[in-house]
Amino acid sequence: MAEDGSRKPIRLAHELPKKRKIEISRALEQHKSEDRPEWDRDADWSDVRFFRKKIKPGTIRTVEFPLLNVSLGDEWPIPVTVIHGNRPGPCITILGGIHGDELTGPSTCTNLLSNVVTDEGGALDPRSLAGTIRIVPVVNLPGYRSKSRYFPDGRDLNRQFPGNPKGSTTKRVAHQLFENLIQDSDAIIDLHSAAKGRTNMPQIRANLSHASSHLLAKSFGIEIILDSSPPKGSLRYSANEIDIPCITYEGGGADFLGNQSVKVAVYGVLNVLRSLRMIPGQPQRPKFRIMASGSSWLRAAEGGLLDMFVSSGSIIKEGSVVATISDPATPGISVDIVAPEDGLIIGAATNPFTAPGMPVGHFLPISKHFNLLEEQIDENGSFIISGSTDNPVWRDETDVNEIELWGEWSGGSVDSEWTGKYAEEVESEESDPDKN
Ligand SMILES: [Zn+2]
């Protein structure tokens, strides 16, 4: 229902900056006019090969994929499951664990590969699938084994794409992945969680002026979409560079396995597959969508112990207390951090040890239609994201209210940006609060 109680769709003012708006709509217009492959259901469709292994139509196979192309030493094999459908269609690649300590992706992939999903009659039954799905639960398996975000050489794989066969160890891995898994994909979903000490509410990040990524982002079926140009060297950046649609899903935090973020990710992946007409059924859509081009970081002004009053997903009103900082060495004094305006906490600190300047909350100011959010909260004041409950609804695309929010990325970019020497070698927690 609309705000005034009527059933008319809400007319929303567009607040994205004019320049960006034009850029986005031009890209979408051009995309509409471009020729795209029509997946002829009767066309010839045969075996697919992945790393020298053959997969027949209507079957599923797990292939060991070496991250390093070597004849001596450890080649770091990782399992890649290929679900090859009975009918023609696109090839979609779903990746988890590019950062070895982020477990939302691996768990989502495990769920998608469970027997109830892939067996006869399941959502990913290869016999009713059109196209090919490649699922990689843990890309950075060496990092995962050592419970680390990084590769064994200390580098962040998600800053090394498209890689280099003659570069650093991690650059070689990036190259191997890019050559064999990325560049022949028709669409990519990259599953992440917040870095250590933080947690994210489920959200999508995409470059909205890359039309096919824009459509992919919307088809995921959740409310929060951040328009962010990806950091250079990230998988998303490199895929977009060669015009492959790619979105990043963020949910939960490192070293933590949250049921909600996994559930929403599974829901979103299935929605994408339905939108691409790879699996039967209608995609679910949210009641409204927030396409945001700005967020800000609430940071601690003092050091000490952080007591959070909100968590990721909390809806907060201007002036309400988000957290309080006290120091056991200085009893009796505490300092509150208050919400600068109405909005949504899309990421929150989970580590109570805090120092001045440390991010406490990733805050999305909601300048209009705040009531839509308020209508969709649980008893703790947290926003109920689509896909997190058991009864998602089906809605026509034209019934989705689109809210465009404009702002500046302040206090740290939403995706990390690394420049100069940091681009290659170092990552410091302080430089960017929201590595993904
Ligand atoms: Zn990540």
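1. A contact, as the word is used in this note, means that heavy atoms lie within 4.5 Å. By this rule Ser 382 touches Ser 311, Ser 312, Gly 313, Ser 314, Gln 376 and Ile 377, when residues up to four places away in sequence are not counted. Ser 382 is found in the loop between helix 9 and strand 20. Its C-alpha is 8.5 Å from that of Val 310, although the two residues are 72 positions apart in sequence.

2. The model is predicted: local features need pLDDT of at least 70 and side-chain atom pairs count only at pLDDT 80 or more, while totals for chains, interfaces and linings use all residues. Residues are numbered from 1 along each chain as its sequence is written, and side-chain values use heavy atoms, with hydrogens and water left out.

3. The protein has ten helices and 20 strands; these are DSSP runs numbered from the N terminus, helices being H or I with at least four residues and strands being E with at least two. Among the contacts with a separation of 6 or more, 71% join residues 24 or more positions apart.

4. A residue is called buried under 20% relative accessible area, exposed over 50%, and partly exposed in between (1.4 Å probe, protein chains only). Of the 436 residues, 55% count as buried. Ser 382 is buried because its relative accessible area is 11%. The protein exposes about 19,200 Å², and carbon and sulfur atoms supply 50% of this area, which comes from the Shrake-Rupley method with a 1.4 Å probe.

5. How many residues of helix 6 are buried? Eight of the nine residues in this helix (residues 211–219) are buried, so helix 6 is largely enclosed by the rest of the structure. The buried residues include His 214, Leu 216 and Lys 218. Helix 6 is followed by Gly 221, whose phi is positive, near 85°.

6. A salt bridge is a side-chain nitrogen of Lys or Arg within 4 Å of a carboxyl oxygen of Asp or Glu. The whole structure holds 14 salt bridges. One of them joins Arg 134 and Asp 184, with an N to O distance of 2.9 Å. Arg 134 belongs to strand 6 (residues 130–136) and Asp 184 to the loop between helix 5 (169–182) and strand 7 (187–194), so the pair ties together parts that are 50 residues apart in sequence. Arg 134 counts as buried at 4% relative accessibility, whereas Asp 184 is partly exposed at 41%.

7. Glu 375 and Lys 287 form another salt bridge, at 3.3 Å from N to O. This pair links distant parts of the chain, 88 residues apart: Glu 375 is in the loop between helix 9 (370–374) and strand 20 (401–405), and Lys 287 in the loop between helix 8 (259–275) and strand 11 (288–292). Glu 375 is partly exposed at 48% relative accessibility, and Lys 287 is partly exposed at 24%.

8. Asp 47 and Lys 54 also form a salt bridge, their closest N and O atoms being 3.9 Å apart. Asp 47 is partly exposed, with a relative accessible area of 34%, and Lys 54 is partly exposed at 41%. Elsewhere, Arg 20, Glu 23 and Asp 227 are linked in a network of salt bridges.

9. Arg 52, Lys 53, Lys 56 and Arg 61 form a positive surface patch. Patches are made of residues with over 30% relative accessible area and no salt bridge, like charges being joined within 9 Å. Arg 61 lies in strand 3 (residues 59–66) and counts as partly exposed at 33% relative accessibility.

How values were computed: Patches are made of residues with over 30% relative accessible area and no salt bridge: like charges are joined within 9 Å, nonpolar side chains (Val, Leu, Ile, Met, Phe, Trp, Tyr) within 5 Å. Lys and Arg count as positive and Asp and Glu as negative; His and the chain ends are not counted. The place of a charge is taken as NZ of Lys, CZ of Arg, CG of Asp or CD of Glu.
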